[in-house]
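Q: I want to go through a few side-chain contacts here. Can you take the questions as they come?

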Amino acid sequence: MAQSQTLVLNVPETPEDHDSPCEESEVHDSFHQLIQEQSLRVAEEGLELLQVAGDPGASASAHQVLLGDSSGPVYSTATLSILASMPSRTIGRSRGAILSQYYNRTIQLRRRSSRSSRPPLGPVVCSARPSLRLYDLELDPAALQEEEKRSLLVKELQGLSAAQRDHMLRGMPVSLQEKRFLREKSRIPRGKQRARQGRDGLCCCSQLRYTCALALHNLGLVLLTCLHALKPWRYALKQIGGQFGSSVLSYFLFLKTLLLFNALLLLPLVAFLVAVQAAFPPEARPVPACTGLELLTGGGCFTHTVMYYGYYRNTTLSVPCGSPQCGPGAGTLPYNMPLAYLFTVGAAFFLTCFTLVYSMSHAFGESYRVGSTKGVHAITVFCSWDYKVTQRWASRLQRDNIRTQLKELLAEWQLRRASRSVCGRLRQATVLAVVWLLCLGAAMGCAVAVLAFSEVTIQSPVVAGQEAGLLVLPLGVSLLNLGAPYLFRGLATLEQHDSPVLEVYMAICRNLVLKMAILGVLCYHWLGRRVATLQGGCWEDFVGQELYRFLVMDFVFALLDSLLGELGWRLILEKKLRRRKPEFDIAKNVLDLIYGQTLTWLGVLFSPLLPAVQILRLLVLFQVKKASLLANCQAPRRPWLASHMSTVFLTLLCFPSFLGAAVFLCYAVWQVKPSDTCGPFRTLRTMYEAGTVWVRHLEQAGPGAQWLSWLRRYLVENTFFLFLASALLMAVIYLNIQVVKGQRKVICLLKEQIRNEGEDKIFLINRLHAVYERKERSRVGRAVEAETAALVTDAGDR
């Protein structure tokens with residue numbers, strides 16, 4: 001009877017075996033070296049793999065049985081043992097290797113913390129990742145060895161302090177059940193712990209310090225949890241993403257981004273303008289009584305407040321020194337309000353521009369570098385579940401989110417396979433051109449209507465006591481902004497796009513043309529017509545109030561559209577037409593957010609507290625839209641993956657919206673003459689002249705400020721540097737785009753290399769299997785020859 005055989009790769013250990021290979025090239029070289037060594041042994045000894053003594057009762061034919069499906073590749077038992085010992089079959093790490101590694105780490109930690117040492121664990125391998133050269137390629141149970149490693153690790157953990165033990169257990173890459181077991185086993189009873197503390201000489205002060213530090217740590221965690229709980233989107237975003245997908249979720253993420261932008265814009269305005277002017281109020285004026293209509297018109301008792309431009313003084317604010325040591329020149333602390341007003345608004349806009357460009361570039365890199373859906377189906381199925389989730393509602397949210405992601409991935413994969421005929425494409429292009437002509441005509445008609453209506457309001461001004469007439473123009477514009485998108489949506493049903501992503505992009509472009517046309521007419525109305533008709537008054541206050549009215553009326557119509565429009569449409573579809581709930585209109589709602597943010601940026605110069613109004617508007621809008629979405633809308637019938645939507649929204653917010661607002665404000669600062677009766681620039685020809693006057697004062701103060709005059713002349717007033725800065729900004733954006741493209745190309749190459757590495761491993765396994773089969777055939781041949789020779793010998797003897 002032949003003995004059973006197991007396979008051992010007889011490769012000598014080296015000191016580097018304690019560190020697993022860090023790169024795939026090293027793994028590939030180790031495979032290559034392995035095959036070369038074993039091929040040499042075949043040539044020299046006629047054997048590829050050494051035979052190790054095993055169970056004498058096993059038959060020799062056990063290794064000739066090939067396992068597997070008849071349709072695919074089949075391997076012998078020895079090859080399967082090699083497969084079972086590969087690092088990929090142990091998911092990168094084995095539990096025994098992890099326990100061995102952390103046992104040695106615990107020994108090193110104890111040696112650093114105290115002078116006492118324990119002899120190292122000799123036979124235990126301390127590799128963090130099992131290497132092929134450390135494996136005995138036999139399928140032994142290894143339960144006793146793992147239990148021995150665990151017991152040794154527990155003993156070493158008991159020698160550490162509680163903080164070190166918790167830190168060590170927290171960093172171990174094992175399951176939570178294994179961590180709980182090790183924590184329970186390494187926990188020291190109270191009597192032994194006190195005795196050990198007495199032997200180690202720990203005093204009460206050390207225990208008190210440790211207790212206080214732990215209490216402060218727990219208090220910080222509680223405060224951090226409370227801070228996260230105050231966010232309105234803490235639970236809502238997960239719920240929306242799980243039920244409606246990433247397309248609807250992108251709208252609420254964009255709303256959250258706008259909240260952060262407005263908070264960043266409001267902070268410097270409040271710190272350097274509003275708070276300072278509130279501390280030094282101007283002379284008291286008679287304030288009209290509040291009637292409640294001011295919440296819509298922005299006038300009345302709101303006019304002579306820090307809300308608007310006209311309240312701020314054109315003098316240098318000062319605080320008495322109050323100290324007897326003050327000299328005659330140190331009696332005041334000057335604060336130039338015109339200069340502070342100009343620089344604060346400019347700095348706030350520059351900070352917003354920098355943050356917006358950075359967010360756009362970051363979103364572009366994330367969406368176009370990681371936004372590829374090739375090969376993520378398996379990752380979503382096998383690697384997306386978070387095993388730390390224990391609560392039922394959280395696990396339900398995560399399950400819905402994973403299901404929705406799989407739907408979107410499969411829908412995108414199906415869209416890539418769909419194709420149309422040439423006639424179908426030609427028909428669709430014709431319908432698309434006709435629909436675009438109708439939409440552009442409707443947008444131009446709305447712009448002409450706004451222009452004509454604004455001329456009517458100029459020719460018939462509102463008299464005192466009839467402030468409600470000021471709401472006529474904002475009301476008409478809001479009605480056009482509400483009705484035109486529904487017209488565009490009705491025309492879009494004729495196009496019948498195959499891709500829902502393309503349908504949303506088309507709707508966004510049409511709504512963007514409408515909003516920009518209306519805003520362009522309004523900007524001409526404010527700086528072109530109103531400035532000429534209000535030269536005797538404070539036209540800056542009127543423009544600030546007008547922008548406030550437009551922002552409030554847009555908010556009111558958004559609430560009415562959510563509470564009445566979406567609710568009424570849902571009731572009509574369900575009760576009368578017997579259909580399902582309507583879908584959430586992403587394009588219309590996103591463009592409404594961009595429209596409101598553009599109004600806020602246009603009004604910052606004339607109403608410094610307008611970002612605060614926008615923040616309150618967005619907070620209320622978030623809750624209302626969330627409630628309306630959950631009650632009145634359904635998930636998209638054709639799910640689609642919104643991998644680039646955040647980038648598109650930020651791009652639209654940056655270039656048409658922020659750039660247009662910046663041009664509007666630059667024109668107002670450099671070209672338009674301020675009012676002579678109000679505001680910090682009432683005695684100047686332009687707002688920009690405040691900086692010129694300040695530089696002249698510095699030049700008269702002494703020769704040490706001559707460099708400021710040089711900076712103003714050659715860096716500020718010279719347009720060359722403005723164009724140079726713009727060119728540098730565009731170059732940075734272009735380079736960032738090219739870097740992202742290069743990263744995408746490198747990622748594609750790395751993915752292809754990973755696929756090739758997998759094919760290499762399959763090739764190596766097949767080579768090992770072929771070598772083993774040749775060895776088996778040669779062994780069987782020698783056995784047959786030996787039996788034949790024995791039979792011939794027996795026959796000759798007879």
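Q: Which residues make the nonpolar surface patch?
A: This is a predicted model. In it, W710, Y714, L715, V716, F720, F721, L724 and L728 make a nonpolar surface patch of about 770 Å². The elements giving two or more residues to the patch are α22 (706-716) and α23 (719-797).

Q: Where does L715 sit, and how exposed is L715?
A: L715 is in helix α22. Its relative accessible area is 36%, so L715 counts as partly exposed, the class between 20% and 50%.

Q: Switching to rings. How many aromatic pairs are there in the whole structure?
A: A search finds 19. One of them is Y309 with Y341, an edge-to-face pair with 5.7 Å centre to centre and 85° between the planes. Y309 is in the loop between α10 (294-297) and β5 (316-317), and Y341 is in helix α11 (residues 337-370), 32 residues apart.

Q: Y309 and Y341, buried or exposed?
A: Both Y309 and Y341 are buried.

Q: And why is the pair of Y309 and F681 called stacked?
A: Because the planes are at 20°, and under 30 degrees counts as stacked. The ring centres are 6.3 Å apart. F681 lies in the loop between α20 (645-670) and α21 (689-701), so the pair ties together parts 372 residues apart in sequence. F681 is buried, as is Y309.

Q: Which residues do ring pairs link into a cluster?
A: The cluster consists of Y309, Y311, Y312, Y341 and F681.

Q: What sits over the ring of W436?
A: The charged end of R510, 4.8 Å from the ring centre. Elsewhere, K515 lies over the face of Y595, at 5.2 Å from the ring centre.

Methods: Residues numbered from 1 in each chain as written. Predicted model: local features only at pLDDT ≥ 70, side-chain atom pairs only at ≥ 80, totals over all residues. Heavy atoms only, no water. Patch = residues over 30% accessible without salt bridge, like charges linked within 9 Å, V, L, I, M, F, W, Y side chains within 5 Å. Areas by Shrake-Rupley, 256 points an atom, 1.4 Å probe, with all protein chains shown as cover. Salt bridge = Lys/Arg side-chain N within 4 Å of Asp/Glu carboxyl O. Helix = DSSP H or I, 4+ residues; strand = E, 2+ residues; numbered from the N terminus. Buried < 20%, exposed > 50% of the residue type's maximum accessible area, 1.4 Å probe, protein only. Phe/Tyr/Trp six-rings, centres within 6.5 Å; stacked < 30°, edge-to-face > 60°. Lys NZ or Arg CZ within 6 Å of the ring centre and 35° of its normal.
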